[in-house]
Amino acid sequence: MAEKKTAATNTLAARLVRLGLRTDADFVLHLPLRYEDETRITPLCDALPGVAAQFEVEVIDSEIAYRPRRQLLARVSDASGSLSLRFLNFYPSQQKVLQAGARLRIFGEVHDGYLGPEIIHPRFHVVGDKESLPERLTPVYPTTAGLGQATLRRLIARALERTDLADTLSPKLCESLCLTEFSTAITLLHNPPPEIAQALLESRHHPAWRRVQFDELLAQQLSLRRAYTARRARGAPALRATTKLSKALLASLPFRLTGAQQRAWSEIASDLGQPHPMQRLLQGDVGSGKTVVAALAMLHAVEAGYQTALMAPTEILAEQHYRKLAVWLEPLGLEVAWLTGSLKKREKASAIAKVGAGETAIVIGTHALIEDKVEFPRLGLAIVDEQHRFGVRQRLALKEKGLFAHQLAMSATPIPRTLAMSYYADLDVSVLDELPPGRSPVTTKLVSEARRDQVISRVHDACRAGRQTYWVCPLIEESETLQLKTAEETFARLATELPDLRVGMVHGRLKSEEKAAVMAAFVRNEIHVLVATTVIEVGVDVPNASLMVIEHAERFGLAQLHQLRGRVGRGTEQSACILLYARPLGELARARLKVIYESTDGFEIAREDLRLRGPGEFIGARQSGLPLLRYADLEDAALVERARAVAETMLRDEPQAAEAHLKRWLGGREELLKA
Ligand code: ADP
Ligand code: MG
């Protein structure tokens, strides 16, 4: 018996944890989605279709009917009218309760049914003799399977009773910000009086919600601000560079830096000279030339006598960086080391040993770089490309490794302003807002799948004229095996349809040597058409490829389409991206295709992406486990701004209140937020 009870408690605990409910404060801050008004009884004749209400009725009769499937039907009435209750799933105990003559309180929405007005699956209970009506609206909380509202309500009420709801903001501050007192707001939200405007409350525009939203944003800002200060307080080597190597690199390049590249480079160089760790994001649209800026930063670290590492999220991308940087840096007399999970055991061990002994100054690789075994005795600068593609754990691991090193993250996904003020507030940002000269913009075409033949002949013509083509396979999110099968079918089909062209294929399941061999052949123009999955999405740079076909473009996300399209338009040739789509198009797919068709500006696209998907999706928080804002809206820039200002003064003037606020809102989850 005792055992059974533990098991039950365990599942309850597990369910609560799934909702993020651990501490009393968590329960207190678990706020209702909506309310049900059980404070009044509505006469049946006043029931409005589709509006939930409470009724007090007497059961006339009940039966189990079979039309068409087994169901429990009860006829009930009050002084003003009658209706049916219908249960498609029910327990024998429920049937027993619904006896003729039973007095019930029921809650639900009345609809016009087959037999007249009815409520399907009403909530009901037998009403006691002198049972009074509740005095407050009944909260309905977000929950999870197997956890009923009654249990949640009980646990939350208990937590409310024993939790100190003292305000973390001073009365003066509340007043100047026009904010409701915390305990008033929280009590109201859990137990609103019946006379309140329920619609206002549920739309979350009520002042009580405003307070909660502010508090949530404040917690986020406090945490980010604190991380920022902690970082500034940590030491890092002030990298003093001779600029000899960077000058030599610049002299050897066939191009001059753009103004934006120069600006970003000098911002980075100045950070690297500081005695605390840089944490900077280099943000620039695809093709804006981030790699050369990274190379300059790496040289800076090497000149100062330190090691530097560049980490990329995929083998293909890491390999591309490796090749490019080797071409640039080896002529300067520097060795560039290569470290990925797919290296042979012996090669890997030797690379790790050389890095560990400090013999290798420049290392490029995948997340193999942050494995425990890899040690950098003199790491001065860590660079992460496409940082948002790494998971939280990897980002934390890198943080640990490079705790006292400078960090540069690179991303082609621009961060919208409100996100920059919140999730990324801990970063300094350099922006490459200018593309290198001589690029011709990519023309985007939307072509229905029905006209695939025309696309094939266009690919044929382009390749016969010496150009190359990417053919991107449809995305199949549910299954990697299916994805692979599709890629292979596409490959076979194109090879048949284009017999005089060489068709190659690259996908995620290939061994890394195989991938590298295919990519190298494509770079040498020995492959005309490269059939690829999204493994080519980031970073791949083959200027002679001027045509891209994306099959089932309607399945891809906006950022993905933008990244993919960025693979072409890298040479001087007029480039095109053909988005093949299949009908029927859903509303969201149509909206996405419209955006990508109309715009080539990464910022514009990111903004639309944010609008279509919401901020949580945008930052990949679903996968990363980042605690999202539950109540506040990041789009509410004014409130974010205010929270930011308050966070700053609070940390300075009232550190204890700041501490209490963080504890209430984030409990032990602060680490995740900073990853
Ligand atoms: P991304 O920002 O997408 O990583 P890359 O660093 O791969 O862009 O640069 C894209 C291409 O542009 C590369 O072939 C690179 O050598 C070239 N490039 C970079 N900077 C310049 C420049 N200032 N002028 C001309 N070409 C440049
Ligand atoms: Mg790149």
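This is a short chat about a predicted model of one protein chain.

Q: What is the chain built from, in helices and strands?
A: The protein chain has 26 helices and 22 strands. Keep in mind that the model is predicted.

Q: How far does the C-alpha trace span along its principal axes?
A: About 95 × 65 × 50 Å.

Q: And how many of the residues count as buried?
A: Of the 675 residues in the protein chain, 52% are buried.

Q: What about the accessible surface?
A: The surface comes to about 31900 Å². Carbon and sulfur atoms account for 53% of that.

Q: Back inside. How many residues are in the largest nonpolar core?
A: That core has 59 residues. Leu329 and Leu339 have the most contacts inside it.

Q: Which helix gives the largest share of this core?
A: Helix 11, residues 290-303, with 10 residues.

Q: What does leucine 329 touch, leaving aside neighbours within four places in sequence?
A: Leucine 329 is in contact with Leu249, Leu299, Leu334, Val336 and Ile362.

Q: What other core lies apart from that one?
A: One of 36 residues. Leu510, Ala553, Val595 and Ile605 are among them.

Q: Where do nonpolar side chains tend to be in soluble globular proteins?
A: They tend to be buried together.

Q: New topic: charges. How many are there, positive and negative?
A: The protein chain has 87 positive and 82 negative charges. Their mean positions are 3 Å apart.

Q: Last one. What share of the contacts with a separation of 6 or more comes from residues 24 or more positions apart?
A: In the protein chain, 76% of those contacts.

How values were computed:
Residues are numbered from 1 along each chain as its sequence is written. Chains are lettered from A and ligands numbered from 1 in the order in which they are written. This is a predicted model: local features need pLDDT of at least 70, side-chain atom pairs count only at pLDDT 80 or more; totals for chains, interfaces and linings use all residues. Side-chain values use heavy atoms; hydrogens and water are left out. Helices (H or I, at least four residues) and strands (E, at least two) are DSSP runs, numbered from the N terminus. Buried means under 20% relative accessible area, exposed over 50%, partly exposed in between (1.4 Å probe, protein chains only). Contact means heavy atoms within 4.5 Å. Accessible areas come from the Shrake-Rupley method with a 1.4 Å probe; for residues, only the protein chains shown count as cover. Lys and Arg count as positive and Asp and Glu as negative; His and the chain ends are not counted. The place of a charge is taken as NZ of Lys, CZ of Arg, CG of Asp or CD of Glu. A nonpolar core is a set of buried Ala, Val, Leu, Ile, Met, Phe, Trp, Tyr and Cys residues joined through side-chain atoms within 4.5 Å.
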